[in-house]
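Let's walk through a model together, and stop me if a term is new.

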Amino acid sequence: MTTPVYDHYLGEHARLAAQLPGDGWLRELRATALQRFVEAGFPATSQEDWKYTDLRALQKLRPQAAVSQPVDAAAIQALRPAGLDAHRLVFVNGHYAPQLSEIGPLPAGAQLGPLAVRLAAPDEALRVQLGATVNGSRTALTDLNTAFVSDGLWLQLADGVALERPVHVLFIGLGDGMVHARNLLQLGRNSAATVIEHYVGLAGAQTLTTAVTEVQAGPDARLVRSKLQQEAPGSYHFGGFYLDLARGSEARLHGIDLGGRLVRNDTHGRLQGPGASIQMDGVYAPGARQHIDNHTRIDHLQPAGRSRETYKGVIDAHGRGVFNGKIVVHPNAQKTDSEQSSAALLLAKNAEVDAKPELEIYADDVKCAHGATVGQLDETAVFYLQSRGVDQTSARNILTYSFADEVIRRVGIEALRRHIEAQFMAKLPNGPQLRELL
């Protein structure tokens, strides 16, 4: 496909190729991914998976690769969840900032740092690992990410190793430009980790961010992953999360989307071993012409797997939300136990949501359920609160917050949960007043 859009990305890749870490097979991997991206092009609304998300505005951009810029350490401190005790890695415009990061002591068998270190000396093990979980679920945006892969989080835990403190990875977007973050997590047998991915765009930034996270979890491993997306109002954010779960392993995922102009998350979990389990929880709150699209897919491939999925959308004026959740129970996945729920709350007449739950079952001894609801605030409940002396705005805020809080309170780290609560309230009218009431 040869148009000015794709000529731009080809030109950017040619300009940057010599600066990207690694050589040999890694360069070939990038070149092949770029070729696929150019041949396939940006997804169009004529494609079923993209029918609700229009990327034509994105194609008018000509983003150059964002460069690292100095950031005030005090400003960084203000972005972090207060009181969060964690290993900290900070990336500014996609570039690791060691002066802003703090990786504390690690247990033997744990490796944690920027992915660029591994990419600079790509070995055969990395060749097997990089892209292994994505290959079956590639999209044009993951190909674009691979074409420019240069840095992100790298975490590797040997068998039996557990991180006591969470890992907080802060990606900061400044100014205009494109950022392609790639995170690679490998959890050995009976290992455990908690990872917080936090994407923030400072005011005035108009970035194109692709953020791809790959996780390979060994037998009986445990992962808690939270993603908080607070990109700037003019930014585009495309997240991909790809997770392979071995026998008996567990994953709990929390996705909170509050920022960005156009946001799309593709989350794909594969239960590849007997007894694996996954829980996905998400809250998204588009307003002011924001568009937030969550696509999820869970593949039950082996017996006795368990999955739980709950997404809640709060859509305000001129905002649009999309939820498309698909669960596939494959023929070998007997005794599967799966539930999926999507609920959306529309706060204005011009708010919009599209919900599409899907369930495919190819085994006969399973327990599966799914459902989707869309509604508005209960005016009777609003009136009841007003009759108790609460003004109308506060009454509506209390009910709105209560709707989303069912999912937010499942975030197990108290400091992070408080931060999410504050950020969610800040999107509501008179949000600070709500904090005083609750």
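So, strand β8 (residues 206–217) pairs with β10 in the parallel sense, over 10 bridges. Strands here are DSSP E runs of at least two residues, numbered from the N terminus, and two of them pair if DSSP finds at least two bridges between them. Within that pairing, Thr 213 stands opposite Phe 241 in β10. Then β10 is also joined to strand β12 (residues 262–271) by 10 bridges, and these two run parallel. There, Leu 245 sits opposite Leu 271 in β12.

Before I go on: this is a predicted model, where local features need pLDDT of at least 70 and side-chain atom pairs count only at pLDDT 80 or more, while totals for chains, interfaces and linings use all residues. Residues are numbered from 1 along each chain as its sequence is written, and side-chain values use heavy atoms, with hydrogens and water left out.

Now, how many residues of β10 are buried? Buried means under 20% relative accessible area, with a 1.4 Å probe and protein chains only. For β10 (residues 236–245) it's 10 of the 10, so the strand is largely enclosed by the rest of the structure. In a regular strand, side chains alternate between the two faces of the sheet. Both faces of β10 are covered: Tyr 236 and Phe 238 are among the buried residues on one side, His 237 and Gly 239 among those on the other.

Last stop, Asn 294, in strand β14 (residues 291–300). Asn 294 counts as buried because its relative accessibility is 3%.

Key: Helices (H or I, at least four residues) and strands (E, at least two) are DSSP runs, numbered from the N terminus. Buried means under 20% relative accessible area, exposed over 50%, partly exposed in between (1.4 Å probe, protein chains only).
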